[in-house]
Amino acid sequence: MDAPAVLAQIRMHRQVNNSAFILLEGIKDELRFRKFFQPDAMLIVCNGKDNVIKIIYSLHSHENGVLGFIDADFDVLEEKRLDHKNLIYSNFHDFEIDFIFSSAFQRYLIEVADKQKLSCFGGYEILRTTILTKLMDYSCFKLINKRRNLGTKFRSIKIQRCFDKELTFKKNEFLVLLANNCGLQAKIISQMAEDVALLKIDHSVLPHLISGHDFCCLLGIALKEKVGARAGHTITADELELHLRLTLDIADFREVGLENKVRAWGAVNPGYDVL
């Protein structure tokens with residue numbers, strides 16, 4: 001649903017019921033968060049971050065009990081993070097990365113990684129850091145795409161084609177894909193590459209730069225080629241995202257700070273206890 005349709009639904013529902021509304025960007029967010037909320041809390045998929053923001057800012061001051069969850073994306077790096085009492089941001093680039101930095105990531109690897117291979121690699125923390133580091137240049141192109149308002153849809157590029165078995169970024173092949181799959185002109189691609197080369201990204205901000213989906217793509221390669229219990233077995237990013245969602249429990253929700261944020265919101269929205 002778009003923003004006007006969701007607003008209409010909220011106002012119509014409020015005529016007969018005073019349930020809280022939890023606004024989410026997409027269906028995967030609903031699948032991730034549903035287990036943490038009371039059954040009577042109404043979770044609504046708004047089809048994008050912009051719609052969640054539009055709805056929250058369109059509500060009148062007396063229209064309480066509506067809470068939006070949005071991914072930070074590049075907002076922290078770009079210093080464009082919104083400050084609104086009814087919005088909860090992910091700590092890092094998106095909620096998936098938040099949970100990758102929770103205990104859920106280690107629990108998941110216990111199930112799918114070969115213990116000896118993972119130990120030889122350096123353990124789950126080294127694996128996580130390695131994947132983030134390997135994704136830096138690729139993700140910088142996405143940041144430049146955002147800054148230049150190019151509107152390039154990176155989903156048209158299979159990220160697995162841009163990295164080898166050692167998780168090394170194949171920049172030249174990626175640039176060809178930008179031209180062939182995304183239709184970018186050579187001049188624009190060259191300018192993007194120049195901008196990326198000039199970026200100074202500190203490793204401490206990588207969780208703000210890199211998306212959970214991209215992380216899962218490279219984790220799939222790492223499990224197949226490096227640390228997986230089933231050598232050579234391919235796990236897609238969508239499968240990994242599903243597995244990680246299923247791994248989550250209330251302790252993870254609490255660990256990433258979401259329980260405290262929701263309870264703080266509930267304290268200024270009396271009558272809307274959603275947890």
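**Exercise 1. Find the contacts of Phe69 in this predicted model, leaving aside its neighbours within four places in sequence.**

Step 1. Apply the cut-off: contact means heavy atoms within 4.5 Å.

Step 2. List the partners. Phe69 is in contact with Ile22, Leu23, Leu24, Glu25, Phe33, Phe37, Val52, Ile88, Phe95, Leu258 and Val262.

Step 3. Phe69 sits in strand β3. Strands (E, at least two residues) and helices (H or I, at least four) are DSSP runs, numbered from the N terminus.

Step 4. Classify it. Phe69 has 2% relative accessibility, so it counts as buried. Buried means under 20% relative accessible area, exposed over 50%, and partly exposed in between (1.4 Å probe, protein chains only).

Step 5. Take a distance. Phe69 and Gln185 are 116 residues apart along the chain, and their C-alpha atoms are separated by 36 Å.

The ground rules come next. Residues are numbered from 1 along each chain as its sequence is written, and side-chain values use heavy atoms, with hydrogens and water left out. As the model is predicted, local features need pLDDT of at least 70 and side-chain atom pairs count only at pLDDT 80 or more, while totals for chains, interfaces and linings use all residues.

**Exercise 2. Describe the surroundings of His84.**

Step 1. Locate it. His84 is in the loop between β3 (66–70) and β4 (87–89).

Step 2. The relative accessible area of His84 is 19%, so the residue is buried.

Step 3. Find the polar partner. The His84 side chain reaches the backbone nitrogen of Asn86 at 3.0 Å. A polar contact is a pair of N or O atoms within 3.5 Å; within protein, one must be able to donate a hydrogen and the other to accept it, and residues adjacent in sequence count only if both atoms are side-chain atoms.

Step 4. Not counting residues up to four places away in sequence, His84 touches Ile56 and Tyr57.

**Exercise 3. Examine the positive phi values of Asp73 and Leu167.**

Step 1. Recall the background. Most residues other than glycine have a negative phi.

Step 2. Take Asp73. Its phi is positive, about 55 degrees, although Asp73 is not a glycine. Asp73 lies in the loop between β3 and β4. At 25% relative accessibility, Asp73 is partly exposed.

Step 3. Take Leu167. Its phi is near 70 degrees. Leu167 lies in the loop between α8 (136–147) and α9 (171–180). With 2% relative accessibility, Leu167 is buried.

**Exercise 4. Is Ile126 buried or partly exposed?**

Step 1. Locate it. Ile126 belongs to helix α7 (residues 124–134).

Step 2. Read its accessibility. The value is 42%, so Ile126 counts as partly exposed.

Step 3. Check a distance. The C-alpha atoms of Ile126 and Leu109 are separated by 12 Å, with the two residues 17 apart along the chain.

**Exercise 5. Characterise the whole chain.**

Step 1. Count the elements. The chain has 15 helices and four strands.

Step 2. Along its principal axes the C-alpha trace spans about 55 × 45 × 30 Å.

Step 3. Buried residues make up 49% of the 275 residues.
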